[in-house]
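Work through the exercises below with the sequence and the 3D view at hand. Try each task before reading its solution.

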Amino acid sequence: MASALEMQQQPQHEAIVEEGQVQVAGGWQMLDTLEGGGITSADLKKLKERGFHTVESVAHATRKELAEIKGISDQKVEKLLASAHKMVDMGFSSASEIHQQRQEILHLTTGSKDLDDLLRGGIETGSITEIFGEFRTGKTQLCHTLCVTTQLPLEQGGAEGKAMYIDTEGTFRPERLVEIAEKYGLDGQDVLDNVSSSLHHCP
């Protein structure tokens, strides 16, 4: 199962949850923006196959890591790093600045107190959370739950936002959202209106 949802704290907190991933958008640049200047779409495809999906991931990679990708020459590695470093601030930040940034992080409840405790408060915005497990262990259910809990008030473990669910296996079920909404005392129709979904089949 591979699904994703995007959560947005009003007015400006966005995140993406992918079957195993939660990511805050608004600071990350997609890998495709590197195309050009000798870097082709075929090069970028090879990077994606090895788990590089953002310009930042390339900028912080070592030359050895990139050179180990089949079809990426040493010359291409230098081009990739040069382009990525132009687009990403590689400088240092003061502890005070980092502390301030962390004050903006939210923890979204998973709907399970025990799981929230394991995650030290829930799914953390500003980071990627990978979810994996055997078939029928609740991965899709968790993604559906996050679509609802991200709409909860801050004091209830939500983000007062909206969600986007990117479905790659046809497992998105709006009726589940209505059931979960009732559990939290939310209006089912309002919850549905705050969730967008798109079906994308992966090869």
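The model is predicted, so local features need pLDDT of at least 70 and side-chain atom pairs count only at pLDDT 80 or more, while totals for chains, interfaces and linings use all residues. Residues are numbered from 1 along each chain as its sequence is written, and side-chain values use heavy atoms, with hydrogens and water left out.

**Exercise 1. The whole chain**

Task: State how many helices and strands the protein has, and what percentage of its residues count as buried.

Solution. Step 1: take the secondary structure from DSSP runs, where helices are H or I of at least four residues and strands are E of at least two, numbered from the N terminus. The protein has nine helices and seven strands.

Step 1: apply the burial classes, which are buried under 20% relative accessible area, exposed over 50%, and partly exposed in between (1.4 Å probe, protein chains only). Of the 203 residues, 37% count as buried.

Step 2: check the confidence, using pLDDT, the predictor's confidence in each residue from 0 to 100. The mean pLDDT of the protein is 85, and 86% of its residues reach 70 or more. Over residues 1–26 pLDDT stays under 50.

Step 3: look at contacts, meaning heavy atoms within 4.5 Å. Among contacts between residues at least 6 apart in sequence, 58% join residues at least 24 apart.

**Exercise 2. Helix α4**

Task: Find which residues of α4 are buried, and which exposed residues are carried by the face turned away from them.

Solution. Step 1: locate the helix. Helix α4 covers residues 74–87, 14 residues in number. From first C-alpha to last α4 reaches 20 Å, close to the 20 Å expected at 1.5 Å a residue; the expected span is 1.5 Å times one less than the number of residues.

Step 1: list the buried residues of α4, which are Lys76, Val77, Leu80, Leu81 and Ala84. They lie on the same side of α4 because they cover an arc of only 135 degrees around the axis. That arc is taken over the directions from the helix axis to the C-beta atoms. An α-helix has 3.6 residues a turn, so residues three or four places apart point the same way.

Step 2: find the packing partners. The buried residues of α4 pack against α1 (41–49), α2 (55–59) and α3 (63–67).

Step 3: turn to the other face. Away from the buried side, α4 carries the exposed residues Gln75 and Lys86. Lysine 86 counts as exposed because its relative accessibility is 76%.

**Exercise 3. The nonpolar cores**

Solution. Step 1: a nonpolar core is a set of buried Ala, Val, Leu, Ile, Met, Phe, Trp, Tyr and Cys residues joined through side-chain atoms within 4.5 Å. The largest has 18 residues, and those with the most contacts inside it are Leu34, Leu47, Phe52, Val58, Leu66 and Leu80.

Step 1: α1, α2 and α4 are the elements that give two or more residues to this core.

Step 2: Beyond four places in sequence, leucine 34 touches residues including Ile39, Val58, Leu80 and Met87.

**Exercise 4. Alanine 61 and helix α7**

Task: Decide whether alanine 61 is buried or exposed, and how many residues of α7 are buried.

Solution. Step 1: alanine 61 sits in the loop between α2 and α3. Its relative accessibility is 11%, so alanine 61 counts as buried.

Step 1: leaving aside neighbours within four places in sequence, alanine 61 is in contact with Phe52, Leu66 and Leu81. Alanine 61 and leucine 81 are 20 residues apart in sequence and 8.3 Å apart in space, C-alpha to C-alpha.

Step 2: in helix α7 (residues 139–149), 10 of the 11 residues are buried, so α7 is largely enclosed by the rest of the structure.
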